[in-house]
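Hello,

Please find below the structure we talked about passing on.

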Amino acid sequence: METYSHAFFTWALAKHGIKAGRAAGIAGAVGATFPDLPSFAGTAYYVGAAYLREGWSSMHSEKLLDAIYFNGPFGGTASVLHSAVPVVALLVLYRVLKLRRRDRRRILLWFLLGWLGHTIADFLTHVDDTRPLLWPISDWEWSSPVSYYNPLYYGREFFAVSHGLILLVVSWLLLKRVVSRAKAPKVPPG
């Protein structure tokens, strides 16, 4: 999924679905973005230099994409952050250390849940750019039958459904806000 979709759905679930609060929603969105930070750094590092050297044509190179996402200095970090092992270990520690008592607004919990949700969603929507779900325990990778972007694997359909859901959720939230404001008692001025 696109990074913004991960963030949006996690925010909406935490804040409006579970009603964990504003801080939890923001933390969930940040956690859902977290696994893609190495890709952003890799893009800035490689694309900036490549663009200055070769111009726009450098943006469509398989070699460049491999360097950003897999083989470059940021690729290994991205693989770690897309593995369920570190985030599940942190969730277990959260439980064992009873951090819930200290995490009253559930900021850490929702950060970790956003991260885990991103990992699972990517596992289910990547076909040819997969990462090992259980790294470092296993290098096993699974190629999903559905891609979030590749039209040969329902990428257009996935895009339409995921963005349709975003539009539906935003519409529902706006309608909810308009209705609640209309029902609010009017306070006379002065």
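This is a predicted model: local features need pLDDT of at least 70, side-chain atom pairs count only at pLDDT 80 or more; totals for chains, interfaces and linings use all residues.

The protein has eight helices and zero strands, so listing the elements from the N terminus simply gives α-α-α-α-α-α-α-α. Along the principal axes, the C-alpha trace spans about 65 × 45 × 35 Å.

Of the 190 residues, 38% count as buried, with buried meaning under 20% relative accessible area. The accessible surface comes to about 12,000 Å², and carbon and sulfur atoms account for 68% of that surface. Taking contacts between residues at least 6 apart in sequence, 57% join residues at least 24 apart.

On charges, the protein has 20 positive and 12 negative ones. The mean position of the positive charges and that of the negative charges are 25 Å apart.

Now the pair of helices. Two packed helices are described by the angle between their axes and the distance between the axes. For helix α1 (residues 3-17) and helix α8 (residues 155-183), the axes come within 11 Å and cross at roughly 35°. This crossing of α1 and α8 is left-handed. Which residues of α1 and α8 make the contact? On α1 they are Tyr4, Ser5, Phe8, Phe9, Trp11, Ala12 and His16. On α8 they include Phe159, His163, Ile166, Val169, Val170, Trp172, Leu173 and Lys176.

Regards

Technical notes
Residues are numbered from 1 along each chain as its sequence is written. Side-chain values use heavy atoms; hydrogens and water are left out. Helices (H or I, at least four residues) and strands (E, at least two) are DSSP runs, numbered from the N terminus. Buried means under 20% relative accessible area, exposed over 50%, partly exposed in between (1.4 Å probe, protein chains only). Contact means heavy atoms within 4.5 Å. Accessible areas come from the Shrake-Rupley method with a 1.4 Å probe; for residues, only the protein chains shown count as cover. Lys and Arg count as positive and Asp and Glu as negative; His and the chain ends are not counted. The place of a charge is taken as NZ of Lys, CZ of Arg, CG of Asp or CD of Glu. Axes are lines fitted to C-alpha atoms, for helices over the stretch in contact, and angles run from 0 to 180 degrees between N-to-C directions. A crossing is left-handed if the near helix is turned anticlockwise from the far one by less than a right angle, and right-handed if clockwise.
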